[in-house]
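Thank you all for coming; today I would like to take you through some aromatic rings and their surroundings, and I will go slowly. Please have a look at the display before I start.

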Amino acid sequence: MKNNLKKCFVTLLAIISILNVSILPSYADDSVNMANGVYVIYTALSSKKVVDVYNYSSSDGTNIQLYDSNSTNAQTFLVSKLSDGWYKIANANGKVLDVANGSKKSGTNVRLYTYNGSDAQKWKFYSSGKSGYYYIKNKLGCVLDVSGGKTSNGTNICVYTKNASNAQKWKLVRTSFLPETITQKAYTISSALSSNKVIDVYNNASKDGTNIQLYTSNSSNAQKFNIVKVSGTYYKIVNANGKVLDVANGSKKSGTNVQLYTYNGTSSQLWQFYPTGTGYYTIRNKLGCYLDVSGGKTTDGTNIRVYTGNSSSAQNWKLSATTISSSSTSSWQYPVSSYTISQTWLHYSKYASSSRPYHLGLDITSSNKTIMAAASGTVVAVGRNGSGSSGNGNYVVIKHTLNGKTVYSFYAHLASYCVSKGTSVSKGTKIGVMGNTGNSSGTHLHFAITNTLKSGSYYGYGNVSSGNKVTYSGVTYYDPTYVIKNNKLPS
């Protein structure tokens, strides 16, 4: 009888094994509930080393490494719980931690990748036994690990079978994302409320006070904006027509309208871009309020305003690179904000040579020393012409197309320049700093527009005394004021 029972039990176990049915009791998940938020992830190997995205790249496959803590967005991660109880860990740029090729083999690389909901991108947090530190376990079964337990910068982050070493223990410290450096170029700015709804200038007008609205994307210049650095992490957002996004009356009160306005450098026209960890930005005005879609609506014509930060989709924006059509790329502006013309076009100077006493450009002074590209174009020359008290000092030359013709804008006497030959610039892009180099008696900008590139050797003076267009020594010069005002060359 006993032998029969034993045979039956063995047979039952064999059947269970074949059917892959478990008779063991199930246990509750002992993972730790991690609050959604932005964190820096420190290793237990060193209090100064953290999880870092190589070169802060957002390309799929970018390596994840250990690096000295440096308070950059390459080291900040949004931890958010998914509907199935697992978590995704997203870098500030919106890409997530991913186990390469979905492999649970020890030593498999951890990389950055677009979120796709696979097990390779799902994580949970477990107590490690070390106060304040956790194991970070991937759904495939392995845990986050520092390769070889090393702490040198660039050490690889991988997954590995749990072994209770400090290389597998991590501390999460709450933080917040920092404002980003934005590549200066043209963008459309779409709302997280709807991917086909973008920031739009009402009726494509250029009048000061024109309303800013949400509208269906239509690829028009009313929906294209150059993001131009002013200082630090502050930018102006310049429509294709040259006017900028402005908070009406400089008010930071929630609900204040956003309008189009001539750039004047005030706080109401300066903006910062904060990543959200989802591929979007919140856009914060220097006054302290955030760009917001009124009522979170998506109907065409919904007003754009500023509002207290609330992390809603109405305040999340995506930047998509674009190009501005040729009808607007030729529009011009003065290369300095809040300027004074200290020496006008064809001004007679008794201090110049008697054979060429007439000024072939504008001399501009300003308390704002930032020099900007007067129009979109390509930098074709930079350098220093002359030394000491001779020549144009540090200069930049930009090539443009205007009315179907090639022209060059010339910027002289710079303290420094921040562009190089071959750089494409948008109107309003910072190219240098006003200075007093070369043949200059005080800090100012000499600004000229010509038809010929002469490697920086432009004359500041000529012998022609009248006209909006003059030719001297084989070079044709155009009155910059005329060009800027009329957006065309004088006949």
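A residue is called buried here when its relative accessible area is under 20%, and since what you see is a predicted model, please take the values that follow as computed from that model.

With that cut-off in mind, Phe410 counts as buried because its relative accessibility is 0%, and Tyr395, at 7%, is buried too.

Let me turn to the aromatic pairs, of which a search of the whole structure finds 7. One of them is formed by Tyr87 and Phe125, whose ring centres are 5.4 Å apart with the planes at 75°, so this pair is edge-to-face. It brings together distant parts of the chain, as Tyr87 belongs to strand β5 and Phe125 to strand β8, 38 residues apart. Tyr87 is buried at 2% relative accessible area, and Phe125 is buried as well, at 0%.

Coming back to Tyr395 and Phe410, these two form a tilted pair, with 6.0 Å from centre to centre and 45° between the planes; Tyr395 lies in strand β30 and Phe410 in strand β31, 15 residues apart.

How values were computed:
Residues numbered from 1 in each chain as written. Predicted model: local features only at pLDDT ≥ 70, side-chain atom pairs only at ≥ 80, totals over all residues. Heavy atoms only, no water. Phe/Tyr/Trp six-rings, centres within 6.5 Å; stacked < 30°, edge-to-face > 60°. Helix = DSSP H or I, 4+ residues; strand = E, 2+ residues; numbered from the N terminus. Buried < 20%, exposed > 50% of the residue type's maximum accessible area, 1.4 Å probe, protein only.
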